[in-house]
Amino acid sequence: MPLVTTKEMFKKAYEGGYAIGAFNINNLEILQGVVKGAKAKNSPVILQCSTGALKYAGPKYLRAMVEAAAEETGIDIALHLDHGPDLDAVKLAIASGFTSVMFDGSHYDFEENIRKTKEVVEYAHAHGVVVEAELGVLAGVEDDVVAAEHVYTDPDQAVEFVERTGCDSLAIAIGTSHGAFKFPPDYEPQLRFDILEEIQRKLPNFPIVLHGASAVDPETVEMCNKFGGNIANAKGIPVEMLRKAASMAVCKINMDTDLRLAMTAAIRKVFAENPAEFDPRKYLGAGRDAIQKVVEYKIENVLGSANRL
């Protein structure tokens, strides 16, 4: 089955009150864990690669693995560039066969973000590729994306931004955050659903994206630490908040940290319980299985995308 764009995915998701999971991939085992989970739940899925992943694995390797996954599983898969920093990165992704790209101009001022995003949109659309843009700033760290302060998205600016750029979806800032250490230990996460509701009212039927939406499961963090890890004060977004967002205008939810934690915990457990083990298939296989379980859980309890193919 050929790779698809997110356009039809998002239309169905918006109308159905669910979201598509966008999971970051870096190697074969992560990819297999994600698609096995999506296949088990009969769910469409977005496989996304950061510029760090492109440097690590190579765009041609990633594209070939994703194509193999689509052919083997028969499910709807979009291949997406996550946090593309400039037009050159977008061009590389498109030339490598990506069906969707994100240009992240959120660190520019409003007018410059519009100018650069419009340039990306014009190029991508000419090549049959859809574009995700970002307005507002998420605090936190993810690969090369670093921001110290959170800037909520302004609904009126969101309307103007979409109209002037022609982007196909928009990542907004309503309280999510990148990385495992999203909030201070004593802080109770809150999402600004009032902002989301206002954007949905002003941009009806337009797909919204949430970045930094890992739940950072305490049991997984505990398992990492039990087997030699040192991950202190990790905290994520409550599942019920993400499910509410998915039932509204949010059609794509990004989750990377939860996969990293699950894989790391599983691998640490193998090494701790079997210190003589040196077969990569044994510990990477355990990591792959852990990722599959996370993805299945997300599809059922966060995204609501099970049996939507």
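A residue counts as buried when its relative accessible area is under 20%, as exposed when over 50%, and as partly exposed in between, using a 1.4 Å probe and protein chains only. By that rule His211, with a relative accessible area of 1%, is buried.

The model is a predicted one, in which local features need pLDDT of at least 70, side-chain atom pairs count only at pLDDT 80 or more, and totals for chains, interfaces and linings use all residues. Residues are numbered from 1 along each chain as its sequence is written, and side-chain values use heavy atoms, with hydrogens and water left out.

The protein has twelve helices and ten strands; these are DSSP runs numbered from the N terminus, helices being H or I of at least four residues and strands E of at least two. Its radius of gyration is 18 Å, close to the 19 Å that the globule rule gives for 309 residues, so the protein is as compact as a globular protein of that length. The radius is taken over C-alpha atoms, and the rule is 2.2 Å times the number of residues to the power 0.38. Along the principal axes, the C-alpha atoms fill a box of roughly 60 × 45 × 35 Å. Of the 309 residues, 58% count as buried.

Contact here means heavy atoms within 4.5 Å. Among contacts between residues at least 6 apart in sequence, 78% join residues at least 24 apart.

Asp104 sits in the loop between strand 4 (100-103) and helix 6 (110-126), and is buried at a relative accessible area of 6%. The other annotation is placed at His83, His178 and His211. His211 belongs to the loop between strand 9 (208-210) and helix 9 (218-226). UniProt positions are given in the numbering used here, feature names are shortened, and annotations may be inferred rather than shown by experiment.

Another loop residue is Ile25, between strand 1 (20-24) and helix 2 (28-40). Ile25 counts as buried because its relative accessibility is 1%. Leaving aside residues up to four places away in sequence, Ile25 touches Ile30, Leu31, Leu47, Gln48, Cys49, Ala53, Leu62 and Val66. Asp217 is 192 residues from Ile25 in sequence and 19 Å from Ile25 in space, C-alpha to C-alpha.
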